[in-house]
Amino acid sequence: MILKVEPLKLGDAVPAPLDFYHCSVVAEWVDYNNHMTEAAYLTAFGWASDVLFQYIGINDDYRAAGHSYYTVETHIIYEREADFGDKLRVTTQVLDFDAKRLHFNHEMFNIATSQRLSTCEQMLVHVDSQAAKSAPIPESVAKALTAIKQSHSHLPTPPEIGRTMKIVHKN
């Protein structure tokens, strides 16, 4: 179910936002309410993240060499339901990155209706998996992320970014 994309070649035009991951809601993703279960949203977003990793040059060889990104925080907002068979697309906007961290946002859409169904804001840390600690990203990944961030710099920051979950009591 994971789409394969070619790694970004420096100088290539970068889509803003990235729009590589498409899927359909399969039977295993549907719950007792006849909608896509909350865990399936995270699954689809996770696969969209894997496509982002391919695009910035992180593949099986990269991980076998002992480096990867690990998710340290995820915030999913569920806006609308998806049903069995619905065709979905997930776009990705790189918001920021530094030597060890990557901050991005996914948006999930129903392809037939164009309605936004959900968002997923994530913070990841680059790691040396053999040492079990954070590690700086290599120059090749930094260059790819720089090109993506530059392409995405004109996109508005989604209003839900950094949103805090809490109950607001009225006096």
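I looked up the largest pocket and found 12 lining residues, with Lys-4, Gln-54, Ile-58, Asn-59 and Arg-63 nearest its centre. For my own reference, on a 1 Å grid over the protein atoms alone, a pocket is an open set of points with protein on both sides within 12 Å along at least five of seven lines, and lining residues have an atom within 4 Å of a point. Helix 1 (38–55) and helix 2 (60–64) each give two or more residues to this lining; helices here are DSSP runs (H or I, at least four residues), strands are E runs of at least two, and both are numbered from the N terminus. Helix 1 gives the most, with 3 residues.

I noted that this is a predicted model, where local features need pLDDT of at least 70 and side-chain atom pairs pLDDT 80 or more, while totals for chains, interfaces and linings use all residues. Residues are numbered from 1 along each chain as its sequence is written, and side-chain values use heavy atoms, without hydrogens and water.

Next I searched for salt bridges (a side-chain nitrogen of Lys or Arg within 4 Å of a carboxyl oxygen of Asp or Glu). The whole structure has 8.

Which residue forms a salt bridge with Asp-19? I found Arg-89, with the closest N and O atoms 3.1 Å apart. Arg-89 is in strand 3 and Asp-19 in strand 1, 70 residues apart.

I then followed Arg-116, which meets Glu-79 at 2.6 Å, N to O. Arg-116 also forms a salt bridge with Glu-160, at 3.2 Å. Shared partners join Glu-79, Glu-107, Arg-116 and Glu-160 into one network.

Terms used:
On a 1 Å grid over the protein atoms alone, a cavity is a set of points where a 1.4 Å probe fits but cannot get out, and a pocket is an open set with protein on both sides within 12 Å along at least five of seven lines; lining residues have an atom within 4 Å of a point.
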